[in-house]
Amino acid sequence: MKLIFRILPFFILFSCGSTTGPSKKYPEENYDFVLAFGSCNKQEAPQPLWEPILKNEPDVFVWGGDNIYADTPDMQLMQEYYRMQQNMPGYKQLSSSIPVLGTWDDHDYGINDGGKEWEFKEESQQLFLDFMGVPQDDPRREREGVYHSELFETPKGSIKLIVLDSRYFRDELEPDDKPGRRYKVNNKGTILGEQQWRWLEEELETSNATFNLILSSIQVISQEHGFETWGNFPAERKRLLQLIEDSAAKNIIILSGDRHISEFSEMKLEGLNYPMVDFTSSGLTHSYTGFSGEPNRYRTGEVVSDLSFGLLKFDFKNNQVHMEMRGEENRLLQHQKVEYPHIKH
């Protein structure tokens, strides 16, 4: 039975594997909170994953970006695309039964690989907030960017979701002619902008949550593939990892999307006594089915190139998070379980 929760404005890696068999539900599995998330969703395409997502009885669904594909300066057309997604039966059932939160990426922002240079970003922000059901008196209606945080509280523990905006303030990318690289490395540019950086620092420093999730539409840890990643802005990536390392916030996990593949990336930060995991879940309606490999020194397990969504299942008693990639018919594609250090109060 799910616990009632409120929404307020030495590690051990147990298992990592994949399976193509049917999903199994074990009677002893009794999680305190379940978060589902995913990205890369075409509003006009078949959407077979809403039913299996609902089968897992999540407490919240989180969009990781590219929630619709609307690369257009026509805001009326973008609004129609959002309306099309809102009326998709499976998504309509989900959004009417649990909270839905999230960020945007380039295609719902309005321009492929776009950043601060996009001239219609103010207009597209309002349409995104409409889609998310954000009230007109919410601070996000007046400020630049869609960054935001929510606290989920249960009788056994709490989870803070910190939603980043990696589009509104990001400096423009410069194409690279080197083989295998789409963009040049920018050592001076920004992804978040100073206003959002100050906000993020405060969100982490003041958090008392049992777990803290940082949602970034683009990957943070994986940086060798040459596409969009925090690795294109190495100073920004270093700043974020250093902030995580120095922060008083407990048990931080990164969630990301964008790539049309799903994978776990993991690195060790000197200041943390648990692994820094970046859980990428991408491909709700389309995925990189022709994937043949790419470098990622931090990858654990295998790349999943089928349609998939992500699940984080929280066990507060044991301070564990069960992370799963699931696909059509709720097939378990890959999973890992991480035990985080118990906090002394």
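**Salt bridges**

I started with Lys156, which forms a salt bridge with Asp32, the closest N and O atoms being 3.5 Å apart. I'm working from a predicted model here. This pair links distant parts of the chain: Lys156 is in the loop between strand E6 (148-153) and strand E7 (158-163), Asp32 is in the loop between strand E2 (12-17) and E3, and 124 residues separate them. Buried or exposed, I asked of Lys156? Lys156 comes out exposed, at a relative accessible area of 52%. Asp32 is buried, with 5%.

I then counted salt bridges and got 18. Another one is Arg239 with Glu201, at 3.3 Å, N to O. That pair also links distant parts of the chain, with Arg239 in helix H7 (residues 234-246) and Glu201 in helix H6 (residues 193-205), 38 residues apart. I have Arg239 down as partly exposed, with a relative accessible area of 28%, and Glu201 as partly exposed, with 28% too. While I was at Arg239, I noted that its charged end sits over the ring of Trp197, 4.3 Å from the centre.

Next I checked Glu324 and Lys313, whose side chains meet in a salt bridge at 3.2 Å, N to O. Glu324 lies in strand E14 (residues 320-326) and Lys313 in strand E13 (residues 309-315), so this pair ties together parts that are 11 residues apart in sequence. I find both Glu324 and Lys313 buried. I also traced a network in which salt bridges with shared partners join Asp105, Arg167, Arg170 and Glu228.

**Rings**

I get 25 aromatic pairs in the structure. I looked at Trp50 with Trp63: the ring centres are 5.5 Å apart and the planes are at 75 degrees, so I call the pair edge-to-face. Trp50 is in helix H1 (residues 50-55) and Trp63 in strand E4 (residues 60-63), 13 residues apart. Both Trp50 and Trp63 are buried.

What about Trp50 and Tyr91? Their ring centres are 5.1 Å apart with planes at 55 degrees, so this pair is tilted. Trp50 in helix H1 and Tyr91 in helix H3 (residues 89-95) are 41 residues apart. Trp50 and Tyr91 are both buried.

I found a ring cluster as well, with ring pairs linking Phe33, Phe152, Phe211, Tyr274, Phe314, Phe316 and Tyr340.

**Core**

I listed the contacts of Leu35, leaving out residues up to four places away in sequence: Val60, Val62, Leu213, Leu255, Gly310, Leu311, Leu312 and Phe314.

**Leu49**

My last entry is Leu49, in the loop between E3 and H1. Leu49 is buried, with a relative accessible area of 2%. I compared its C-alpha with that of Gly327 and got 6.9 Å in space, against 278 residues in sequence. Not counting residues up to four places away, Leu49 touches Gly283, Leu284, Leu307, Ser308, Phe309, Gly327 and Glu328.

Definitions and conventions
Residues numbered from 1 in each chain as written. Predicted model: local features only at pLDDT ≥ 70, side-chain atom pairs only at ≥ 80, totals over all residues. Heavy atoms only, no water. Contact = heavy atoms within 4.5 Å. Phe/Tyr/Trp six-rings, centres within 6.5 Å; stacked < 30°, edge-to-face > 60°. Helix = DSSP H or I, 4+ residues; strand = E, 2+ residues; numbered from the N terminus. Buried < 20%, exposed > 50% of the residue type's maximum accessible area, 1.4 Å probe, protein only. Lys NZ or Arg CZ within 6 Å of the ring centre and 35° of its normal. Salt bridge = Lys/Arg side-chain N within 4 Å of Asp/Glu carboxyl O.
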